Every structure is written in C-alpha cells, then in structure tokens.
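Student: Please take a close look at one part for me. I would like to hear about cavities and what surrounds them.

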Amino acid sequence: MAVLDTVRLATQRLGFLQSLRDNGDIVRIHLGTRPAFVLNAPELVRQVLMTDAAEFDKGRFFDKMRPVLGTGILTCSTQAHRRQRSLVQPAFHHERVRGYVDIMATLAGRVADSWQPGRVLRFDHEMHDLALDVVATSLFAADIGRRAVEETQQLFPYISKSVARRTLSPFPWLERLPTPGNRRFAAACDRLWTVIDEVIAAYRRNGTDHGDLLSMLLASQDGDGLSDREIRDEVVTLMGAGTETSSNSLCWLFYELDRHPVVAQRMRAEIDAVVGDRPVRYEDVKGLAYTQQVISETLRLRSPIWFLMRRVTHAVEIGGLLLEPGTEVLFSPTALHRDPNVYADPMRFDPDRWAPGNDLRSVFLPFGMGPRKCVGDVFARTEMVVIAATILRRWRTEVVGGPFEEVCSGSLHLSRLPIVVHSR
C-alpha cells in the first residue's frame with residue numbers, strides 16, 4: 001500500500017488526489033514508508049495555512065527544491081520566513097509594481113508586434129519566453145544584468161522541468177546516481193548561480209538603485225538584511241515562481257477564451273473601452289474589472305499550483321486526529337476549486353462567479369493563503385492583465401489542433417497550445 005500510494009501520486013497526480021474526495025475530509029495515505037494525510041475540506045486547509053500555520057513547516061517536496069532554490073522565501077523554514085518576507089515584500093509594493101507595468105507592456109507589445117496574421121504560434125513557448133523575460137528584466141533592469149537575462153532564458157526551462165520531475169519521482173535515489181542527466185542538471189544549476197552571483201557583485205560595486213527587484217533586495221542589506229547568498233536564493237526563487245505559473249496561466253486563459261467566445265468578446269470590448277490603441281498603463285489594471293474576473297476564474301479552474309505540502313513541527317489536532325511532529329499533510333488547491341461541495345457546477349468556466357457581491361475568496365487558493373501566501377501574487381495578476389490586454393487589443397486568437405492534455409508537473413499546464421492569430 002505504501003509503494004502503491006507513492007506511485008499513484010507520481011503517475012496519476014491530480015486524478016489521484018481528486019479520487020480521495022469521497023473518502024472523507026482527511027484521508028490517510030503513505031508516501032514511501034511514512035504516513036501522510038490528504039486534506040479535502042476548506043476549513044482544514046485554512047487551519048493549516050492560517051490558524052495553526054506556526055505549527056507547520058514546508059514538506060518533503062519543498063525539500064527537493066532546495067538544491068536549486070536554496071532557502072529563498074518559498075522553501076525557507078517557518079522560523080526564517082517572517083524575516084525574509086519582511087525584506088522581500090517591499091519589492092512588490094504597489095509603487096514598485098507601477099514601474100513593472102511599463103516593463104510588462106513594453107515586452108508584451110514587442111512580442112505581439114512580431115507576430116504575422118495567419119501564422120501558427122506555439123503559444124505555450126511564446127508565453128514562457130515572455131514571462132521569463134518580464135521577470136528577468138524586472139529583476140535586472142540595468143545593462144549589466146542583460147547577459148544574466150539571456151543566460152537564464154537558456155538555462156531555466158531545463159532546470160524547472162528537471163526540478164518538477166525530481167519533486168514527484170517515486171524513486172528519489174535515482175537523482176543521486178552519476179548519470180549524464182544528473183551531471184547536466186548539476187552543471188546547469190552551478191552556471192545559473194554563477195551568473196546571478198556575478199550580477200549581484202556588479203550591482204554592489206555600482207551602488208546605483210536601478211528601480212528593479214535586485215536593487216530592492218540589495219537595499220535590504222542594511223541592518224538585519226539579506227546576505228548575498230540569500231539574495232541569490234530569492235532571485236532564483238522569484239524567477240522560477242514568476243515564470244512557470246504566469247506563463248501556464250496565460251495559456252489556460254487563451255485556451256478558455258477560445259472555448260467561450262462570448263467571454264472573449266466581452267473581454268475585448270472592455271479592453272477597447274479602457275485601453276484603446278495605446279499601451280496598457282498601471283491605472284488601466286483596476287479598470288479592467290471583467291478581465292480580472294476572467295483571470296480569477298482561470299486561476300480557479302486551472303489553478304497552477306495543483307499540489308502543496310506541509311510538515312507538522314509541533315503536535316497539533318486537525319480533523320479530529322492528533323498529528324505528531326514530522327507528520328506530512330498535503331492538499332490540492334486545484335482539486336478543492338473543482339469540488340462541487342465548494343463551487344456549484346465547478347467544471348463550468350464562469351467569470352461571473354467573481355462579479356461584485358459574490359465573495360468566494362475564503363476558498364480561493366491559487367497563491368495560497370495566510371502568512372506564506374505568495375509574495376508576488378499582485379505582480380502575477382497584474383502581469384496577466386497587462387499581457388492579455390496587450391494581445392487582445394491587437395489580435396484575435398484561434399486555438400488549432402487538439403485534443404490537448406492537462407499536465408501536472410511543477411505546475412498545471414497544457415501539453416501544448418498552437419494558436420493562429422488574426423488581425424482585428
């Protein structure tokens with residue numbers, strides 16, 4: 001049974017977690033030889049992430065990410081998180097995000113301008129490259145960071161796929177073997193760290209605030225600030241989190257727009273009225289209310305973070321069970337968002353769920369919740385608004401080919417997304 005649970009999670013993934021819904025609010029399984037508990041009720045998830053958050057730390061699957069991400073804000077211990085969050089949070093203050101919008105709009109416009117009518121695009125590749133360019137340019141605005149942007153664009157796709165594969169592997173001992181693939185992975189990580197370390201050193205020598213994320217992180221070094229190693233870990237974390245989830249969510253958004261032409265029409269009409277023919281500005285983001293609803297519904301139905309895990313650090317009672325330190329609990333935001341006991345007709349794509357007056361936020365977890373909620377949630381949502389508006393004000397998109405598979409790896413994504421663009 002222990003091996004079976006581990007293999008089913010590694011192979012069936014979201015399907016396995018969703019299948020446990022009928023077994024109760026808290027279900028015991030085994031990961032390897034150790035018991036773990038799957039949470040299927042919103043109130044239990046809120047207890048773990050909010051009420052009793054201090055009694056939990058990140059689980060074993062986050063341990064797998066530390067060889068790449070170090071001890072950045074995503075993977076650090078609960079004890080270290082409050083300090084690190086207080087130092088990273090100012091980089092995402094709304095005044096900083098205002099400046100990032102210009103970067104998002106410029107880069108998205110450049111990509112949209114490069115397309116030709118009638119051409120079939122690998123939209124998933126286009127969005128991945130664009131999202132990586134946005135986060136890398138937001139991190140390194142100065143010319144001295146340009147080479148880092150170019151190298152990370154080459155290194156990061158391979159590294160992120162390798163981390164996802166290792167995280168869910170039922171045979172963790174394989175990653176310790178001196179195989180060509182493992183050596184290539186180690187070399188890519190070493191090169192990524194070297195590139196970022198070189199940029200950090202150059203920024204420190206230059207001493208100028210470039211208005212980017214790296215400048216903000218370096219400014220935190222006064223007093224109890226971040227060390228250069230901690231800054232590198234935060235940079236790698238932000239690049240990873242800011243690329244995969246954003247690009248995959250944008251692909252799901254355009255996939256759903258193709259399946260729901262009335263929604264696409266309403267969204268384009270709003271963008272035309274608010275933005276017109278000019279580039280998207282920071283002030284436009286709030287005004288694109290229906291676009292925000294469409295994004296919320298995309299994040300609900302296709303929540304990119306399909307799987308989260310916590311480890312008990314102090315004995316705690318949850319779901320009527322006393323869990324001892326070291327016990328693992330896991331849950332799926334995506335499965336919760338698709339639970340008919342939580343959302344009516346959950347597989348129906350309906351942006352009007354998020355119309356004013358409908359409060360569903362207590363069970364909306366695309367960025368987590370509580371003290372460890374994603375620090376870049378506003379950045380990510382803003383990026384989705386800006387990129388979607390930039391594309392839709394110029395192009396009408398048509399998904400071609402199919403069928404398409406829903407793939408669970410590091411995040412929930414489409415197997416591929418070929419799109420033809422047509423001039424409006």
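Tutor: Start with the elements: helices (H or I, at least four residues) and strands (E, at least two) are DSSP runs, numbered from the N terminus. This is a predicted model, where local features need pLDDT of at least 70, side-chain atom pairs need 80 or more, and totals for chains, interfaces and linings use all residues. Residues are numbered from 1 along each chain as its sequence is written, and side-chain values use heavy atoms, without hydrogens or water.

Now the cavities. Rolling a probe the size of a water molecule over the atoms shows where empty space is left. The structure holds three cavities of 30 Å³ or more. (A cavity is a set of points, on a 1 Å grid over the protein atoms alone, where a 1.4 Å probe fits but cannot get out; lining residues have an atom within 4 Å of a point.)

Take the largest cavity. Its volume is about 120 Å³ (the space filled by probe spheres set on the points, with grid points joined across faces, edges and corners). The lining of the largest cavity has 13 residues. Leu39, Asn40, Ser332, Ala335 and Leu336 lie nearest its centre. Three elements each give at least two lining residues: helix H2 (14-19), strand E2 (34-39) and helix H16 (333-337). H16 gives the largest share, with three residues. By type, the lining of the largest cavity splits into eight nonpolar, three polar and two charged residues. (Ala, Val, Leu, Ile, Met, Phe, Trp, Tyr, Cys and Pro count as nonpolar; Asp, Glu, Lys and Arg as charged; the others, Gly among them, as polar.)

Leu39 and Arg28 are eleven residues apart in sequence, and their C-alpha atoms are 9.2 Å apart in space. Arg28 sits in strand E1 (residues 26-31). Arg28 touches Pro35, Ala36 and Phe37, leaving aside residues up to four places away in sequence (contact means heavy atoms within 4.5 Å). Is Arg28 buried or exposed? Arg28 is exposed, with a relative accessible area of 53%. (Buried is under 20%, exposed over 50%, partly exposed in between, with a 1.4 Å probe and protein chains only.)

Next comes the second largest cavity. It has a volume of about 50 Å³. Thr245, Ser246, Ser249, Leu299, Pro304, Phe367, Ala380 and Met384 line it. H12 supplies the largest share, three residues. What types of residue line the second largest cavity? Five are nonpolar and three polar, with no charged ones.

The whole structure contains ten aromatic pairs. One of them is Trp252 with Tyr255, edge-to-face, at 5.6 Å centre to centre and 80 degrees between the planes. (Rings of Phe, Tyr and Trp, its six-membered ring, pair if their centres lie within 6.5 Å; planes under 30 degrees apart are stacked, over 60 edge-to-face, and the rest tilted.) Trp252 and Tyr255 lie about one helical turn apart, because they are three residues apart in helix H12 (residues 228-259). Both count as buried: Trp252 has a relative accessible area of 2%, and Tyr255 has 15%.

Definitions and conventions. 1 Å grid on protein atoms, 1.4 Å probe; cavity = no way out; pocket = protein on both sides within 12 Å on 5 of 7 lines; lining within 4 Å.
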